[in-house]
Amino acid sequence: MKALDSLRIFVIVQRKGSLSAAGRSLSLSPATISRRISALEEELGVQLVDRTSRNLKVTEAGQAFLEHAEVVLEAMARAEEAARNSKLLPEGRLRIHSRTQIGLRVIGPLLPGFAQRHPDIQLELELSEHPVNLVEQDFDIDIRTGESNDSNFVIKRLLSSDEVLVASPAFMKVHKRIRHPNDLLQVRCLTYKREHEAVTWKYIDEQGVQQELAIQGVLNSNNGELLRLAAMGGMGIALLSEPTVRGCIQDGTLVRLLPEYRFAVRAFSNGVYAVFRQSRTLPLKVRAFVDFMAEALRENDGA
C-alpha cells in the first residue's frame with residue numbers, strides 16, 4: 001500500500017494548497033511530505049510540482065497524474081469499504097416512509113420475516129399520503145408507486161403493478177351491465193382524492209388511446225385502505241393498486257371489473273419502487289431491506 005500512500009499524499013497536498021496544511025491533515029512534517037513527493041517524481045521520471053513558484057503549483061504532467069490518481073484512490077476506497085462490509089452484519093436504525101395502503105397491505109406483512117433475518121436492524125415505518133423529502137426528513141427509504149425522475153436518488157422497482165377496478169360480489173349482482181369504462185359514470189364510485197384536486201380515472205381505449213373519466217365519487221378519501229374496506233362492504237367501485245387487493249380478489253371478497261382495460265388514477269405507473277439516496281457505498285441496512293423486499297415480492301408475484 002506504500003504506492004497508494006504516496007498517491008494519497010500527493011492528492012491531499014494539491015487539495016490543501018501547501019505542504020504545511022497537508023502535513024497538519026496527515027500528521028506528517030512538511031519535510032517528510034516533500035521527500036515523498038520527490039520520491040514519487042523520481043519513480044515516475046517527471047516533475048509533478050513546480051518548486052520555483054512561491055505558491056505550490058502543479059505542473060502539466062502533475063495535473064494529468066492528479067486526475068488519474070483521484071480515480072484510483074476513489075476506487076480503492078470503495079474496494080476497502082466493500083471488504084469491510086463483507087465482514088459486518090446490517091444493523092442500526094432504518095427509517096422508511098410509505099404510502100398508507102402499500103405499507104399496510106404490501107410491506108407490512110413482510111416485516112416479521114425481515115426482522116427475523118436481520119435482528120440487529122431497528123425499523124421505523126411511517127405511513128402517510130404526502131410526499132417526503134428523504135434528506136430533510138431523515139428517511140433512508142421511501143416506498144412509492146410510480147417512477148421518479150429525480151437523478152439525486154436511486155430508484156429500484158420492487159414490484160410490477162397496475163391499478164385495477166374492484167367491487168364486492170353483492171354490488172356486482174345489482175350492477176351487471178358494466179361492460180365499458182363509460183358505464184362507470186352511471187354507478188357509485190369510491191375515489192382517491194387529495195385536498196381539492198379533481199378526480200379523473202384514466203384508461204386506454206380499444207385503439208390504444210388514453211381517455212379520461214371525470215368521476216363524482218360517493219366516497220372520496222385520501223386513504224386507499226379505507227376505499228378497499230368500503231368496496232368490500234358493497235358501497236361502490238374503487239380503483240386501487242393491484243397488490244393491495246390481490247388477496248381479496250383471490251378469496252372472492254372483491255371482484256375485478258373490466259380486466260381487458262388498463263386503468264390509472266393519475267398516471268400509468270406500473271410499479272412499486274424503493275427510492276433511496278445516492279451514496280458512494282450503500283449502507284448495509286438499506287441494501288438488506290431493499291434486496292429482501294424485492295426478493296419477497298417477486299416470490300409473491302409469481303405465486
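This is a predicted model: local features need pLDDT of at least 70, side-chain atom pairs count only at pLDDT 80 or more; totals for chains, interfaces and linings use all residues.

User: What makes Arg93 and Asp138 a salt bridge?

Analyst: Their side chains meet at 2.8 Å, N to O, and the cut-off is within 4 Å, so the pair qualifies. Arg93 lies in strand E3 (residues 92-98) and Asp138 in the loop between strand E4 (121-127) and strand E5 (141-145), so the pair ties together parts 45 residues apart in sequence. Strands here are DSSP runs of at least two residues, and helices (H or I) are runs of at least four, numbered from the N terminus.

User: Why is Arg93 called partly exposed?

Analyst: Its relative accessible area is 39%. Buried means under 20%, exposed over 50% and partly exposed in between (1.4 Å probe, protein chains only), so partly exposed is the label.

User: And is Lys202 buried or exposed?

Analyst: Lys202 has a relative accessible area of 10%, so it is buried. Its side chain meets that of Glu212 in a salt bridge at 2.7 Å, N to O. Glu212, at 48%, is partly exposed.

User: What is the volume of the largest pocket?

Analyst: It is about 650 Å³. On a 1 Å grid over the protein atoms alone, a pocket is an open set of points where a 1.4 Å probe fits, with protein on both sides within 12 Å along at least five of seven lines; lining residues have an atom within 4 Å of a point. Points are joined across faces, edges and corners, and the volume is the space filled by probe spheres set on them.

User: Which residues are closest to the centre of the largest pocket?

Analyst: Of its 32 lining residues, those are Arg99, Thr145, Gly146, Glu163 and Arg266. E5 gives the largest share of this lining, 4 residues.

User: Which element gives the largest share of the lining of the second largest pocket?

Analyst: Helix H9 (242-251) does, with 6 residues. The volume of the second largest pocket is about 250 Å³.

Note on methods. Residues are numbered from 1 along each chain as its sequence is written. Side-chain values use heavy atoms; hydrogens and water are left out.
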